[in-house]
Amino acid sequence: MDTTPLANGRNLLEVRGLTKVFGTLKACDQVDLTIAKGEIHALLGENGAGKSTLVKMLFGSLEPNAGEIAWNGQPVRITSPGVAKKLGIGMVFQHFSLFEALTAAENIALSLADDTPISTIAAKARALSYSYGLPLDPDSLVGDLSVGERQRIEIIRCLLQTPDLIILDEPTSVLTPQEADKLFETLERLRAEGKSILYISHRLDEVRRLCDSATIMRHGKVVGHCNPRVETPSSLARMMVGTEVKNAERTTASVRGEELLSICGMSRKPAGPFSMPLKNIWLSVAGGEVIGIAGVAGNGQGELFEAISGEALQESADAVRIRGKSAGRMGISARRLLGAAFVPEERLGHGAAPRLRLSDNLLLSRHSTDGKAFVGTGGMVKSGAIQKAAQRIIEVMDVRKSAPDPEAAALSGGNLQKFIIGRELDRNPSVMVVNQPTWGVDAGAAARIRQALIELARNGSAVLVISQDLDELFEISDAIAVMHNGELSKPIPIAEATLERIGLLMGGAEPGHLDPAKEVA
Amino acid sequence: MFEDILITIATAATPLLIAAVGEVVVERSGVLNLGVEGMMVMGAVTGFGVALTTGSPWLGVVAAIIVGMLFSLLFGFLTLTLVTNQVATGLALTLLGLGLSGMLGEGFVGLPGIKMSYLHIPYLTDVPYIGRLFFGQDPLFYVSILLTAGVAWFLFRSRAGLTLRSIGDNHTSAHALGIKVIGIRYLAVMFGGACAGLAGAYLSLIYTPQWIENMTAGRGWIALALVVFASWRPWRVLAGAYLFGAVSIGQLHAQALGVGVPSQLLSSLPYLATVVVLVLISRNRRLTMVNTPASLGRPFVPDR
Amino acid sequence: MRIELVKRPERSKLFAALSPFIALGLTLIAGAIMFSLLGKSPVEALYYYFIDPLREVWSLHELAVKAAPLILIAVGLSICYLSNNWNIGAEGQFIIGAITGSILPVMFPDFQSWIVLPLMLLMGVAGGAAYGAIPAYLKVRFNTNEILTSLMLVYVAQLFLDWMVRGPWRNPAGMNFPETRTFSPSAVLPEIWSASGRANWGFVFAIVAAVALWFMLSRTLRGFEVQVLGQSPRAGKFAGFSQSRMVFFAFLVSGGLAGLAGISEVSGAIGQLRPTISPGYGFAAIIVAFLGRLNPLGIIAAGLVLALSYLGGEAAQISIGVSDKVVRAFQGMLLFFVLACDTLILYRIRFVGASAAKTVEARQNV
């Protein structure tokens, strides 16, 4: 094979016709990708477009069903991450591949093939991390670190292998805007050193700012190549999604209704060895408004959600008030009976039981709320009524599924989330608390969900949305509060909120509720 | 007299120690093998039978190790390749081991066994008070101490041990880094099986050199409890094993002295002590959560 | 060649129904091989194990006698295992139920009335449930592993029974044999149809318990709770179900049923307490529970199969001289096969030939 069409001296990596099939789903279908030396190349696409599958094949974690890969013009077969590392491919994972019970240095050691002593690795990692402005203590336990710090470990680990190509999978999704800026500087410096970077994202602004070229994927296929610097965000979005995506329509809240949910001085001890305590949280949500809670993952949002929902009880009954009733000592079912509804972050295994059918999952949150509609005397389950209600939700929320009443695990993330949100909306709750409403959900479903939340508020309910997606919060919230390190800032009305101000709060620069200058009566 | 008691305690503790140290390695890799009792009893019957037929206790020991390993492979195939429930499969291994050993050992019941001879080093063993304690015990006693030291070094000082612990902490991350999760778990499970087989041979070749059906009498389960008690650390397993050795020897002496408490109730002391110790150690939820390998007992199916 | 599992999008209903039968078939094949190795004719041996005991009415009665405790214990265990509570100490709960249930006939032999029997049964249930409550309490209160505690308590119960029948409860007129006095007629569980065989009301209890628990599991909110908490505890908490209460519920139900099995066995089949009152029913019931796929109706069938293996073991020992120890090896193998076959419900199994992988490699390395 002396005249292989793949050979090209300028290109570091060339991929032709890469295909990966899971069951009946073509996650990657005949994907082509070319990365030149010394460029930052964006891989753009929605959730579920096949980006992660593609990079897992490039890193040897997944085996392609068909296709070819050439590295420096030579055809290669990347059968394992070890092979990828030897070639010079490094990877920073989206869901970190770190070990919480081990130290940062041990984590780094695990991905290096040789037998260098841990102390040497620690010293090297420390030196490298400071030289790139990403300070890191190699002896700390990963479980004790923030998400941003964990990402530093991933990056340092990757750099210590001196790769020629660095793959970053959605790296800014866990960072504050300021931390993201810092990361961009690092990446630009790496490019200046002659390294290539494959940068995976669905955030258009940062791609336009950072990347030299882009490959766009949709439904497992490559749908275009472009120079992102000459495109507009909307032209990129159109390529990514295929159609125009409308932002949720928002009319400003007319009158602030009566207070329906209030949290008064809530504190909570850390539940597990690596979880966050809650420190003196105050918040009030009135009928008709959407309050957003921003923050980097792992700053206590999950703990706050559990405390509001009643999965974790408070010491004082007044710590949570729902429609004026003290609910701090009530369990989740009693809080639902007061008119509250909850949607947790984790869909499978928290908001829904994976191996139960959708109709059974309806019963999960509604066995005690709907009078005797679903559960009769003596605890008899009325499956007919439940089936009917599930069907209604499926129609209203446009849930797409393959069987009449499939198991929750058989649905795509977006469709399951639509069902879970629909399950709660169907009750017409007066208080709705949602954690990460559109995480991992495709653009169409996300728009549908956001619109539904806004409509619920406009009809007089109080809506509290916890999210790490700032664009989403700016789109739907009337005010945004920020969680950092288990503390919650005062909500900033949307008219006064800027990306920079929220970003600073997310980084913990300014605990808002302690600042008397911004105290609003 | 005092030396005698210490030596008998060591004899009672050694099989627990060997089995538990093996299980520490298995559980550190994230696999919960509740079949220790079954592998142990298979080791006991094999060790006894092979020693009896060949006349060599050492061949018995080797055979017991091999059978323990083969038995653990069965467990490994089900839980690692077929991803069956680890708790249920471990129980199945125990039930199968108890059943098979009863069947295989039927002809051995009542036969006098072959006892492995104790170490004797001229002069050293004859040193008064401590000579026999340090230089005059059975060979497997020394093996058990070396094994503990070796496993402690392996787990916390070697790179391979770090890799094994990483799998126990988060098998998904380990897989993403290219660590061969299933392969390493197979090795760990086999090591645990070898140790359990060896511990069984200790019972039928040294502790009571004969074959009695169900002669492990729950020691495999106590070994499992020791692993929890020791929060997955080899030297603490040693401390725990000797504690249990002391309890079981203590109750035997109490029975011999006739302290007026029925013998059956004294015999139940080691089991009750296990329960009490488990309660004491697990009361501190935070401590257990930090120490328990996070992937313990969770099924792992890699994406391909 | 290597084996790969491919997750099915939905659990396979076909294999959920078939897997116990495949497992039984594989066990029979393995058993046939085992008998050949023992130098017996496999056909003859399997005949004595599985056909011969079914040929006469009296032995069908014996089948019911053996199946009753297995079914009673196993349906209780199914609640435990479905809710992810690993009670493996049913043998101990069986023994304690037998002891507490025997308080009246052993200590007050002169108290004879129609009410004795119902009281005995109630006390048996209470004793088994109370003994099952110990690991439940330790799990809820101290986070102690219930597998280990419930098993340790089996040994304690066995030693306790041994002491009782050799010590305080030994029959004063029993020539120093380790057994209690025989129960008076009013304390004996009557036979269902005494004209044809020994089967007693214990079998009726077993069927009633199985049907009742089947109904609870499949039709009521409590059954839903069992499933949800067992499959995903966090979703259960989100539903507002209490994990701690479920632990107690599962252990009390299974302990109570094991206790009922214990007193029924003693009062119906044995008629007195002895040092050993169970051929390992509490452990065999674990196999029954899984063979019945944790479904109470399936467990009735599975209980009969295991009971048959006990009877077959006795028959084979008498007729072809195979040790009755073979039975337990058989039962252990059965559980192994059941667990292995259950994999097919959630996964498809793919055999990846090494040759196929190599050709790809060869092509790309040209």
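Me: Of the contacts in chain A with a separation of 6 or more, what percentage do residues 24 or more positions apart account for?
Reply: The model under study is a predicted one. Two residues count as being in contact if their C-beta atoms, placed from the backbone, lie within 7 Å. Among the contacts in chain A with a separation of 6 or more, the share that comes from residues 24 or more positions apart is 68%.

Me: What radius of gyration does chain A have?
Reply: Chain A contains 521 residues, and for that number a compact globule would have a radius of gyration near 24 Å. The value for chain A agrees with this expectation, because it is 24 Å.

Me: What percentage of the residues in chain A are buried?
Reply: A residue is buried if 20 or more other C-beta atoms lie within 10 Å of its own. Of the 521 residues in chain A, the buried ones make up 50%.

Me: Which element gives the largest share of the side of chain C that touches chain B?
Reply: This contact takes 41 residues from chain C and 42 residues from chain B. On the side of chain C, at least two residues each are supplied by β1 (2-7), α6 (116-142), α7 (146-166), α12 (281-291) and α14 (326-346). The largest share, 12 residues, comes from α14(C).

Me: Which element gives the most to the side of chain C that touches chain A?
Reply: Here 20 residues of chain C are in contact with 29 residues of chain A. The elements of chain C that give two or more residues are α9 (221-231), α10 (233-238) and α15 (354-364). With five residues, the element that gives the most is α9(C).

Me: Why is α3(C) described as oblique to α12(C)?
Reply: Helix α3 (residues 57-82) of chain C packs against α12(C) with the axes 8 Å apart and at an angle of about 60°. Angles of 65 to 115 degrees would count as roughly perpendicular and those under 35 as roughly parallel. The angle of the pair therefore makes α3(C), relative to α12(C), oblique.

Technical notes:
Residues are numbered from 1 along each chain as its sequence is written. Chains are lettered from A and ligands numbered from 1 in the order in which they are written. This is a predicted model: local features need pLDDT of at least 70, side-chain atom pairs count only at pLDDT 80 or more; totals for chains, interfaces and linings use all residues. Helices (H or I, at least four residues) and strands (E, at least two) are DSSP runs, numbered from the N terminus. Axes are lines fitted to C-alpha atoms, for helices over the stretch in contact, and angles run from 0 to 180 degrees between N-to-C directions. Angles under 35 degrees count as roughly parallel, over 145 as roughly antiparallel, 65 to 115 as roughly perpendicular and the rest as oblique. The radius of gyration is taken over C-alpha atoms; the globule rule is 2.2 Å times the number of residues to the power 0.38. A residue is buried if 20 or more other C-beta atoms lie within 10 Å of its own, exposed if 12 or fewer, and partly exposed in between; C-beta atoms are placed from the backbone.
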